[in-house]
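This report looks at a salt bridge and a nonpolar core, and at the residues around them.

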Amino acid sequence: MKTLLLSPLALGFCENDPYGFPIHASEKYFGQTGLKCDSCVKWTKLITISAQVVARKLGKLPPEVLQSICDRIKGIFS
């Protein structure tokens, strides 16, 4: 069984949240995210789920943004 590691999203800004990574609607890549408004990646609240329960892919983040989030996650363990 294939599992996925996911980071939940919260709607709105997270500027004062040291454990949130903001995704602003004003970013040039925002259209490819599939989001409808400013959101916050809650990178410290990782969850694993079965790939079988995923109905569809919402969107994607550019590699450099994804790498920045991954670096923060790795920082938890160092």
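The model is predicted, so that local features need pLDDT of at least 70 and side-chain atom pairs count only at pLDDT 80 or more, whereas totals for chains, interfaces and linings use all residues. Residues are numbered from 1 along each chain as its sequence is written, and side-chain values use heavy atoms, with hydrogens and water left out.

The structure holds one salt bridge (a side-chain nitrogen of Lys or Arg within 4 Å of a carboxyl oxygen of Asp or Glu). It joins D17 to K42, with the closest N and O atoms 2.4 Å apart. Because D17 lies in the loop between strand 2 (9-11) and strand 3 (21-23), and K42 in the loop between strand 4 (39-41) and strand 5 (47-50), the pair ties together parts that are 25 residues apart in sequence. Strands (E, at least two residues) and helices (H or I, at least four) are DSSP runs, numbered from the N terminus.

The two partners are listed below by relative accessibility, where buried means under 20%, exposed over 50% and partly exposed in between (1.4 Å probe, protein chains only).

| Residue | Relative accessibility | Class |
|---|---|---|
| D17 | 21% | partly exposed |
| K42 | 18% | buried |

Leaving aside neighbours within four places in sequence, K42 is in contact with S7, P8, A10, D17 and Y19, contact meaning heavy atoms within 4.5 Å.

The largest nonpolar core has ten residues, F21, I23, Y29, F30, L35, V41, W43, V65, I69 and I73; such a core is a set of buried Ala, Val, Leu, Ile, Met, Phe, Trp, Tyr and Cys residues joined through side-chain atoms within 4.5 Å. Strand 3 and helix 1 (63-76) each supply at least two residues of this core, and its largest share, three residues, comes from helix 1.
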